[in-house]
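Subject: Structure handover

Hello,

I am passing on the structure below, followed by notes on what was found in it. Please read the notes with the structure open.

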Amino acid sequence: MLYVSGRCTILLIELPHLVMGDCVLTGGDVCITGHDSGPVFEEQPSSVVYPEGLSEGKVTLNCQARASPAATYSWRVNGTDVPVGDPRYTLVAGNLVISGPQFVRDAGSYQCLAINRCGTILSRAANLKFGYLHDFPGEGRSPQTAYEGAGAFLACQPPAHYPALSYRWFVSEFPSFMKPDGGRWFVSQVTGNLYLAKAEPNDTASYFCFTTINMDISTKSTFSKANQLTVQPDANARKSAPAIKVGFPAETYALTGHTTQLECFAYGNPVPKLRWRKVDGLLPSKAGASAEGPILTLPEMTFHEEGVYECEAYNSEGRDTQQGRITVQAQPEWLQVMSDSEVEISSELHWTCVAAGKPRPSIRWLRNGQPLSTQDRVEVNGGRLKVINLALEDSGMYQCVAENKHGTIYSNAELRVQVQVPDFRSNPVRRLVPAARGGQVMMECRPRAAPKPTLFWSRGTELLTNSSRVTVTPDGMLRIHNISRADEGKYTCFAENYLGKANSTGHLSVRDATKITLAPSNADINQGENVTLQCHASHDPTMDLTFTWALNGALLDLEDPGGTYHRVEGKEIVGDLLIVSGQLSQAGTYSCTAQTVVDSASASAKLVVRGPPGPPGGLVVKNVAATSVELRWSRGYDNHSPIGKYVIMGHSLLSPGWKRMRTDPSNIEGNAESTRVFGLLPWMDYEFQVIASNILGSGEPSMSSHTVRTQQAAPTVAPSGLGGGGGDRNELIITWTPMAREYQNGDGFGYILAFRKQNSPTWVVERVSNVESSRYVYSNQSLSPYCLFEVKIKAYNRKGEGPFSQIAVVHSAEEEPTVAPSRINATALTAFEMQVSWDPIQHLSTNGVLQGYEIRYWRQHEREASADRVRTAGLETTARVVGLRPSTRYHVTVMAYNSAGTGPASARTTVTTRRPPPNRPPGNVSWKTDGSWVTVRWDHVKTLDNESAVLGYKVLYKHEGQSALKVLDKGKTSVTLPLPKDNGYVVLEIRSWGEGGDGAAQETIVSRDSGETWTDWSLSGNWNHAAIQPSHN
């Protein structure tokens, strides 16, 4: 029985599943080809960390799929169906909402199933985990003691938690968090412990470990009880070489695309510096600044970063190192997946999935969300799935699943098994098939049918069989060779399977053949020249003719107006090609093709482009010495012009730009394939290139050689910048400029210092093993202050010692002055300043160099310890001190100073500053112009009892950046001044003056034309004086 509805024709026979026409029957639901589609995930659930004990919240696991008809959804937890009827679980579209999540009931692995009548797919797993951070124990912590100059650590001992914590420490009270201190402190993000490279007395305090946990919807923090640290002072703290106390594992596993961190921290005095290197290669540049810090950070890991890494801690006393390997692994990643397939009934299905990953992923298969294994007609072999003798029930959604310990990935595809009567409606035989006389034609026969139909052809009533000119292939293709006019006519394809028959007819039309009448000729040009390649053709006049050009088989774009290739405009039968500014890359075989819809004809020609030579190849470095290497290479293409010479380019680690190298011979002939490069620096990394040239120019450089390091040699130059001086008593400080990398010539580098007292026959020799050292301190209790030493320095490395530098003269540390200035005198100049004078001390050059004098002053009711201080910049014996308070009694002392400090204080003297000037400006200012003059008047300023008397007035005259000052006695309260010749204005500032200094100012703006007066009461204070400004303690 047949049931017909729209496009669907369903054959009702006793089969459980059947496809007819465009419909698939599956358990009563129909999946319609071309209309329906199986589910495809657009959003899948992600893992969630939910705060434990938060009972009022909700967790939403997302799941959305694209499908037609729309998908329905169900969920599994730990492989068991989620009871959606339970009021704690709600489905919103495909999303699962869990209300009041609890660890005991809800923790687990969740998966979503999307279902429609075409099949079922299973989502990736999402883990619901519960995060927690308990409080630190309530009992106190044992106090810790450290010694000045030694290392120490405080243990965090974090409470139980999930997931991982981040750690900080604060001092004394929240939130005084620890800040970087020149690398002395380090907080491990692995253990949470606080480490101190070198303890100092001011480190004595209470410390608290502060831990934070980050979850998807909240953050929680807690901190420990106080960790009391006491640092015992030690005036003679010993220096010590670095000792690494925070290390990293011997084997660290990293994941591609993720960030990896290694920790390293060392005790030592002085505080050690840190640097990282990759033992078996170059340290990745992505490490950035972390390459010199306690945490090496490598973001976006790749397999190239795998290898052995070393942390080195170093100071002036020595070094310590630790090594460990990073092994990079990877989550699964698809290299090949299956795709949706429509396959006829009774045929075979072959699908392959290939995934990369480390460890190697295992692969399993699902059909409609259920595991698929080898049985009956199904064969599963890792990433290969084979199903033979396909039946309708094999239709559905298939999933390939690749997984290793780092993750799981899914690939989906839909399989539709079809059964259909032959049908040409969607793909009939072409109605008109043109063909060229003498050529060949192919006519396709591709009906829709399942199972595969039997196909045959006829011309009229004649059944076509294979012959010398006619071939019918098993897949229904009809081929006719050496076509003539007699082959024109109607051709019919017949298709038949056990469900029925169908046919389709087309007409073969025979046309004249296309021929090349003028073929392109070979050409030879220099680089940059133009050339035209000709190509003419004849063709059947009833059809259009087009020309295409190809270079070495690759089709050329002739439509780009800015391109190199252009079609020459002309008749339809002319297809000439213009090449503009020919380049070396455009040499080769050019093919012209004249084409109609039925046939084509082609002709070729070769274009030779002459130009500079190509890059030499096979560059290798041989016989590496300290200052020279040998290079060998093979000749590159001469590009049809003989090579005349070669030049060698190179660059080192310190000079990234390429430069021409010195060679032997200096001129390298064009037939050479080796040379010696000399004048190199020892123990330096170099790369080299070779450039060939001919009469047409220089070519591209060769590929760079591999990086080569020259052999080591003893240093050849001495360090520069030798000097020193200063320091504490009984010390001799010697300084120099550290040797640059290019002068070190080898590893195991350091410095040899030699010094002696002037006129002493014996040199003291000391070694400094750190390449970055620039300072050496020699301490000796018998060392006299400011004693003259001769010093010299040289460098050494593993290969030997270099030359000594020129001798430099350096003094040992100075001694503070031992004599106080005498005859101290302090005089009040105003209410705000005083002048101090004294007799100089008798300067004794044997103890140091006198740099100047320090004045200390303090108010009568204050302690001397709170005194303000000013210093002279030279050996002057007078100084003005400003910024004082009016009507105030001050104590003053003077002492000499040098680089070692200040000497004893002089006898104390006292001075009282004057009463302050009036703080009111002159009032009732008025002015009157008379031609080119202006007369300004004001009221006399009256003083109060606590103010100094007015002795006169000062008038400051300002115009266009110029100023003049007039000082009047107290009997005058007016002044006549010139006006500018132009129509501008002048600014006048009028203030009183007296023993206490200058009073507040009245500003007046005077204009020749306006006849108005403006006043500004905001100015006050004193005229500026050059004076020493105090620096407050």
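Ala93 sits in the loop between strand E12 (89-92) and strand E13 (95-99). Helices (H or I, at least four residues) and strands (E, at least two) are DSSP runs, numbered from the N terminus. This is a predicted model, in which local features need pLDDT of at least 70 and side-chain atom pairs count only at pLDDT 80 or more, while totals for chains, interfaces and linings use all residues. Residues are numbered from 1 along each chain as its sequence is written, and side-chain values use heavy atoms, with hydrogens and water left out.

Backbone points

Most residues other than glycine have a negative phi, and most peptide bonds are trans. Ala93 has a positive phi, near 55 degrees, and counts as exposed at 56% relative accessibility (exposed is over 50% relative accessible area, buried under 20%, partly exposed in between; 1.4 Å probe, protein chains only). Arg823, in strand E81 (residues 822-828), also has a positive phi, of about 50 degrees, and is exposed at 67% relative accessibility.

A cis peptide bond with omega of about 5 degrees joins Asn269 and Pro270; Pro270 is in the loop between strands E29 (265-269) and E30 (273-278). Another cis bond links Asp664 to Pro665, with omega again about 5 degrees.

Annotated domains

The unreviewed UniProt entry places "domain: Ig-like" at spans including 137-224; UniProt positions are in the numbering used here, feature names are shortened, and annotations may be inferred rather than shown by experiment. Residues 137-224 are 0% helix and 41% strand, with end C-alpha atoms 8 Å apart.

Regards
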